[in-house]
Structures are given as structure tokens and as C-alpha cells.
Amino acid sequence: MLLFIVSYLGGVLTILSPCILPVLPFVFARADKPFIKSGLPLLLGMALTFAAVATLAAVGGGWAVQANEYGRWIAMGLLAIFGVTLLFPHLSDWLTRPLVSAGSRLSQAASRQDGNGSSVGPSFLLGIATGLLWAPCAGPILGLVLSGAALQGANVQTTVLLLAYALGAATSLALALLIGGRVFTAMKKSLGVGEWIRRGLGVLVIAGVGAIALGLDTGFLTQVSLASTSAVEQGLVDKVRPIPSDTQPTSSVIAKSDQNSGDQNSGDQNSMMMSANPAMMMKAKPAGGGETLPVEGQLPSLSGAVEWLNTPPLTAEGLRGKVVVVDFWTYSCINCLRSIPYVRAWAEKYKDQGLVVIGVHAPEFAFEKNADNVKQAVKDLKIDYPVAIDNNYAIWQGFNNEYWPAHYFIDAQGRIRGHHFGEGDYDKSEQIIQQLLKEAGKTNVAQGVVQVEAKGAEAAADMSDVISPETYIGYDRADNFIAPSGMVVDKSQVYAKAGSLDLNQWTLSGDWTVDKEKATLNAANGSITYRFHARDLHLVLGPGGGGKPVRFRVLVDGKAPGDDHGVDIDADGNGTITNQRLYQLIRQNKPVADHTFEIDFQDPGAQAFAFTFG
């Protein structure tokens, strides 16, 4: 019930978000009609459509997203007709003849100027069409709902929570419509400009359709900062899913939404999963003074892996008698890369004392589903313990996991006795391993904790001086993008570099195609610029079709990075994209400050996925 209320309140807050702007012209176009018979059916239609489409998008896979895309174009066509008939009433009959012949009078009924608003049906249908165009900001509350849907599959609760979110937004729109409607009516009576108001509404409707068709609703409008509700929504989420009191998080959790890309099946199962940042969550502290670790559940089946590396397939039953550490990771995740040296060290230190370490590789991006890519990463990272390739997220869902990295500790009886989400707390994690080995009857268990000297991207982050957040480049999760043209989605666009950037803003220059997961450079000499504050800057990159290498050069504040270069470039900033992975481009030696990072690609085909910092 509490989550239902929070979802509803999150929807109410949507009225304060810039992404609601494209919907307002369609709502206020009915402001001169009776609310009960006109405005209310329209809002209900919007809410029901959003809940239905969002449910399908969350649990139905890529086909639902494509169906919604077709629905958007159909809806834009209907609403454009509606706007034209507001501008030119004499065209209404002619324009609606195809709809009449098909049994639909939606646009004709919606555009009549009879003033009585007596037709509930057309308003409801118009609401359904508008609902297909509505793209509310995916704040923490909506992310919480969609996360449950993606990980647990279709259920009634998901639809109810999405409907609650939509009804919350409809409530705030209804209040605006009621207040705006009174002002609207007064203007008509006192000024006698009803005809011009009607035509003005027609212009607004057509402009709104044009903005959505050009992608401005997700480009320019999302950059307009009317009011930020993220902090308020996050506060409500924390009330529903509080972090346990025995944890000391050092940074926030960043939602990772739909991981699809060119492969329609990629990432559908792990939509809206989380990247756990350093020391995010530890449960089951090491026992001491005779205390025992709690039992959190049984080790689930490991049969869902599509392939095993470094071992024949392992089973939960076959691991009885062994202490097991399960590490969920993905090879382009910087948080995972920084924890792997410790996992490697545990596997080596305790392998002869009854410990089995299993790395479960659950992909975030589509290219991480390629088994050859994973095998190369395992080789590069010098991982010799068993790795399960969990492309279908079967093991992930068996653990009901939501984070990268995530460590689960299983005793010799096959019981989960503790877990840790994110980086950090390595000493406590190792003490749990030692405790479980002792419980299993092992004698002379190695004491102390491993000392790790990680290098390159695996080195620990300087989280005390990281101000820049993980930033995705694909439009599905892009934030803080700045360009004169806005972001144009799913088609080639020549971008002009933004004149200046504030901290954590970024821009493109050159001919790029931005899809849900990445941006692809279509012609040589394109660039990405980011204003950042952190010691380390990483960028997940890949070559284009055919895997042809892409040369690039990095500049910091317009100069070569010199001694501040990362392991994947030289002091002059030169580097080459050879495969799809995370590239460390900047590691500063001097005091950290705000800097402008620019990467210029000399060859076409570069694919850019996400920035991470440390």
C-alpha cells in the first residue's frame, strides 16, 4: 500500500517536470468543455494508455517498444488532424471522412465547436491517443516500479503501480485544467476572442506534434529546468526502500534503464537494474564472540548459464560441502573492475581450504552478450576461477539480484549467509569467508586479509573528490546533453559543438547517430566533449561494424594530457579503439579540479556508450 501511495505521489510531481510540456497543449485544448464529460475522460484515457504501454515495455521485450513507436506516429497523425481542424473548421468534414467510413469520429468530435462537450467517448479516445505520446520523466520512483517489473516479470502489482503513477500525473493535470479552464472561460467572455483562442490552441497542438516528431520533447525540453523533482522523488524512494542502518554508502545508486541496442532481446530482462557504488550495502557482518551469521536463503540453481568458462558446468548440489562466493559482474562496469582484484585474491588464497569463487557475468550492454568478448575480458583480467555467462539473467533472477557488483556468501550447506553490494568493505567480506570456512570444519584457515595493489582501471577510486556522475550517451538514459539542435534520435545528424558547458554537461560534434544505447560516428572527425570533476575519467567505447580500429586523440582544456593520461592513451592523448570495452583515458596526478575533456575521433565508426569516473 505504501509503494502504491509513493507511486501516486511520484506521478503528481510529474506536473513540475519539463517532460510534461508536450502534453499540455492537448489537455488545455479541452479547457472550454465541461470537465466531467470532456477533460476527465481525456485524462483517464491518458492514464490507462500509459499504464498499459509501460507494462508492456517493462516486461514484454523489444517488440512492445516497437509497437509503442508505431503507436506514437499514429497518435501524432490523429492529433495533427485535430490541430488542423481547430485552425480550419471548414476542413473538419473533409479530413474526417476516412475515419467516419472506418467507424471512427475521433478527430471530428474532438474538434467540434458546439460548446457543450457532451461526447465522452471522443474525449476518452483522444486521451488514449495523447497517452501514447506521453513520456514522463523516469525518476527514481518510476524506476523502482519498472525495476520490479523487469526482474520479476508481468504481474498485477506492476500494472497497478504504473496506473497509480499515471493517475497521480492525471490528478495534477486535472487541477491545472480546472484552474486553467476558469481563466480560459473568463477570457472568452470578457474579451470575445474565442475564435482566436481556438486557432491559437490549434497552433499549439500542431507545434506540440511537431516538437515530438522532431525529438525536441526528449532533447530541448528535457534541458529546460523548470523544477527538479529528482531529490523529492529519491526521498520518497528512500522511505520505501531504506538503506540498512549498518551500511555507510559513499555515493548514490545510479539507475540503469533498458539495455537493448541493436539486439532487440538484449537487456530486456535487466532493465532498470542498478550499479552499486562503493561500500553501498553490507549485510551479515562477520560473526564474533560466538555469534552466528544469519541465513538469507538457499543457493539457487546455476543451470541457466549459457556457457561456463574455466570449468565444466557447476550445480548447486555439486557445490555442497564447499564455501562459495558468487560475484555478479560485467566487464565494462568500472565498479566491477575495481572489485575484481580482491575477488581474484580470495580465490587464490582460499582455493585449497574449501572455497569456490564463481563469477556470474550478467551483461549490461548488448556487446557484452558476445561470448568471445567475455572470454577476452576474462583473459585480460587474469580471471582463472569459474565464470558463468548469464546472458539470459537466469542466475541473476534466481538470486533476485539488482546490483553490479554484488557478492553473495554461501556456506557448506548451500545456504546464503551474507551479501555485499558495491565496492568496499573487502576486509569484512573476507572475514565472512573465514567464518564460513571454520563453520565447515576447516582447520588452520588463513588469517589476515589480502593486500591488493591494483593498477590501471582496477585501482581504487578517489571517491572523496568525484563530483561527476556515471553518464550514458544513448538517448534511453542520456542526461545533461547540450547541443543547439537537441538530441536527434535513431537517425544521422550533424551536430555543432555547444559553445560552453557547465559542470557535468556534454556535447557532440560531427555526424552522429544516437540510438537507445550508444552514439555512432558516421564520418571521420567527430568529437565528444564533457565538463567533469574527478581524478579518473573512463569511457566505454567500441569500433564500428567489422571491428575496424578507430584512432582518436584526447585533450584536456585544449591541451595534451601529459602525465595525466590514462592507461589507454599516451602522453600526447593518442589512442586506438580496438574492441568493445571500458577505456581509461584520464588519471590526474595533480589536485583534482573542473576540466573540459574532449575526445576527437579521426576515423568513422566509433561507438560511445557511457562515461564513468573515479
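Okay, before we start: the model is predicted, so local features need pLDDT of at least 70 and side-chain atom pairs count only at pLDDT 80 or more, while totals for chains, interfaces and linings use all residues. Residues are numbered from 1 along each chain as its sequence is written, and side-chain values use heavy atoms, with hydrogens and water left out.

Let's begin inside. The largest nonpolar core has 69 residues, and Phe328, Trp329, Ile358 and Tyr408 have the most contacts within it. By core I mean buried Ala, Val, Leu, Ile, Met, Phe, Trp, Tyr and Cys residues joined through side-chain atoms within 4.5 Å. Buried is under 20% relative accessible area, exposed is over 50%, and partly exposed is in between, using a 1.4 Å probe and protein chains only. Helix H14, residues 334-350, gives this core its largest share, 10 residues. Helices here are DSSP runs of H or I, at least four residues, and strands are runs of E, at least two, numbered from the N terminus. There's also a second, separate core of 35 residues, with Leu521, Tyr530, Ile577 and Tyr583 among its members.

Now the rings. The whole structure has 22 aromatic pairs; Phe, Tyr and Trp rings (six-membered ring for Trp) pair if their centres lie within 6.5 Å, and planes under 30 degrees apart are stacked, over 60 edge-to-face, the rest tilted. Phe365 and Phe367 make a stacked one, 5.7 Å centre to centre with 15 degrees between the planes, and both are buried. Back at Phe328, ring pairs link that residue with Trp396, Phe399, Tyr403, Trp404, Tyr408 and Phe421 in a cluster.

So which residues does Arg417 bridge to? Asp411, for one, with the closest N and O atoms 2.9 Å apart, and Glu439, at 2.8 Å. A salt bridge means a Lys or Arg side-chain nitrogen within 4 Å of an Asp or Glu carboxyl oxygen. Glu439 sits in helix H17 (426-439) and Arg417 in strand S11 (415-421), so this pair ties together parts 22 residues apart in sequence. Arg417 counts as buried because its relative accessibility is 3%, and Asp411 is buried too, at 4%. Glu439, at 36%, is partly exposed.

One more bridge: Arg531 and Asp557, at 3.9 Å, N to O. Arg531 is in strand S16 (526-532) and Asp557 in the loop between strands S18 (550-556) and S19 (574-577), so they connect parts 26 residues apart in sequence. And shared partners join Asp411, Arg415, Arg417 and Glu439 into one salt-bridge network.
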